[in-house]
Amino acid sequence: MMSNLKQNFAYARIFIPAIITITAFLLIVESFIFNFNSSQLVTAVILILLLDLAILYFLGQRRRSDLGIVKGVINQIRTNSFRSADEIKMGNDLNELEDEIKSMFMKTRSDIAHLKKLEQFRTEFLGNVSHELRTPIFAIQGYIETLLDGALNDETVNKIFLQKANNHTLNLNNLLNDLIDISMIESGQMQMSFRYFNIHEFLEQIINEIKPYAEKKNIELNFISSNHSLQLFGDKQRLKQVITNLTMNAIKYTNTGSVEVGVIDEGNLGKIFVRDTGIGISEKDISRIFERFYRVDKDRSREIGGTGLGLAIVKHIVEAHGSKIKVTSEFGKGSEFSFFLKK
């Protein structure tokens, strides 16, 4: 009992200055109104002090109870006792604080989930990078060791092994460049330089550069453009990465037929597309093809080259232009990748 009394008064300490101020004001007002003599004034002071003590006791008790509820809720949050914000109850007198704590609880839960997801992505990313780096390095090491063991003097195989080792160094270089790009993009350090440019001339130049790769596979590479003077707004250097990546992918995954690259004038926008008559993408894979290192057919992807980061880079660059990359595909018949740029 004595302990509770002391604790209640201890919790009421913050109210003492306000109580003293109110008490002094009341005594001054009463002395003027009732014109107390000295004995009456002493009695009035004692009564008011007793009233003050009672008020302080109940205020302290109330504050102690409220703080106890708050501490209990915080402790339960700390020990993960709540499964959802709806389980947090603090009574009618603490409604506003209850709403704030619920918001804090949901924000904390969301942040923790996000951090766990980032940690999972980081772990997967490091694992994928290690695997992707190990493959060409081991291959190069194997060819060099074979050459040093005597194949260097065998003219029937030495150039073949050197060429294969060189191809793996090129793949390794491409992977490192893509890793640098994806790192800069996802850390917000990618520099963009937006300006208006002639999209017809821009796409035509890229297609002329890529055409020899299509001709090697006997794939017809066509350019479709109805407005030769169309001006669109974007970063030419980054968009060249996008178009080159999409077009090279279309050629790689097309065995027979054609690849079309084009632009369509649509109101205030220009639609850029790359379509092919290739192997297509199954419905279950379409939602994942823009993930880092995701490959629809891993064995074939490594066989024909590619880092597994190209489409992830494409997605980020297109989104940096305020657009979205759209994919339509029919397995075994071909695919179309498209996005819009502002005029």
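Because the model is predicted, local features need pLDDT of at least 70 and side-chain atom pairs count only at pLDDT 80 or more, while totals for chains, interfaces and linings use all residues. Residues are numbered from 1 along each chain as its sequence is written, and side-chain values use heavy atoms, with hydrogens and water left out.

Aromatics come first. A search of the whole structure turns up seven aromatic pairs; here, rings of Phe, Tyr and Trp (its six-membered ring) pair if their centres lie within 6.5 Å, with planes under 30 degrees apart called stacked, over 60 edge-to-face and the rest tilted. One of them joins Y196 and F233, whose ring centres sit 4.9 Å apart with planes at 50°, so this pair is tilted. Y196 belongs to strand β1 (residues 195-198) and F233 to strand β3 (residues 231-234), so the pair ties together parts that are 37 residues apart in sequence. Helices (H or I, at least four residues) and strands (E, at least two) are DSSP runs, numbered from the N terminus. Y196 is exposed at 52% relative accessible area, and F233 is partly exposed at 31%; buried means under 20%, exposed over 50% and partly exposed in between (1.4 Å probe, protein chains only). The rings of F197 and F202 have centres 5.1 Å apart and planes at 65°, so they meet edge-to-face. F197 counts as buried at 5% relative accessibility, and F202 does too at 8%. F194, Y196 and F233 form one aromatic cluster.

Next, the helices. Helix α7 (residues 236-252) has 17 residues and spans 24 Å from its first C-alpha to its last, close to the 24 Å expected at 1.5 Å a residue, where the expected span is 1.5 Å times one less than the number of residues. Its buried residues include L239, V242, I243, L246 and I251.

Two packed helices are described by the angle between their axes and the distance between the axes. Axes are lines fitted to C-alpha atoms, for helices over the stretch in contact, and angles run from 0 to 180 degrees between N-to-C directions. Helix α2 (residues 16-34) packs on helix α3 (residues 38-78) at about 155°, with the axes 11 Å apart. That makes α2 roughly antiparallel to α3. For α7 and helix α10 (residues 310-320), the axes come within 9 Å and cross at roughly 140°, so these two are oblique to each other. Angles under 35 degrees count as roughly parallel, over 145 as roughly antiparallel, 65 to 115 as roughly perpendicular and the rest as oblique.

S335, in strand β7 (residues 334-342), is buried with a relative accessible area of 7%. Its side chain makes a polar contact of 2.7 Å with that of S329 (a pair of N or O atoms within 3.5 Å; within protein, one must be able to donate a hydrogen and the other to accept it, and residues adjacent in sequence count only if both atoms are side-chain atoms).

Most residues other than glycine have a negative phi. N80 has a positive phi of about 60° although it is not a glycine; N80 sits in the loop between α3 and α4 (95-148) and is exposed at 60%. N218 also has a positive phi, near 60°, in the loop between α6 (199-216) and β2 (220-225), and counts as exposed at 67% relative accessibility.
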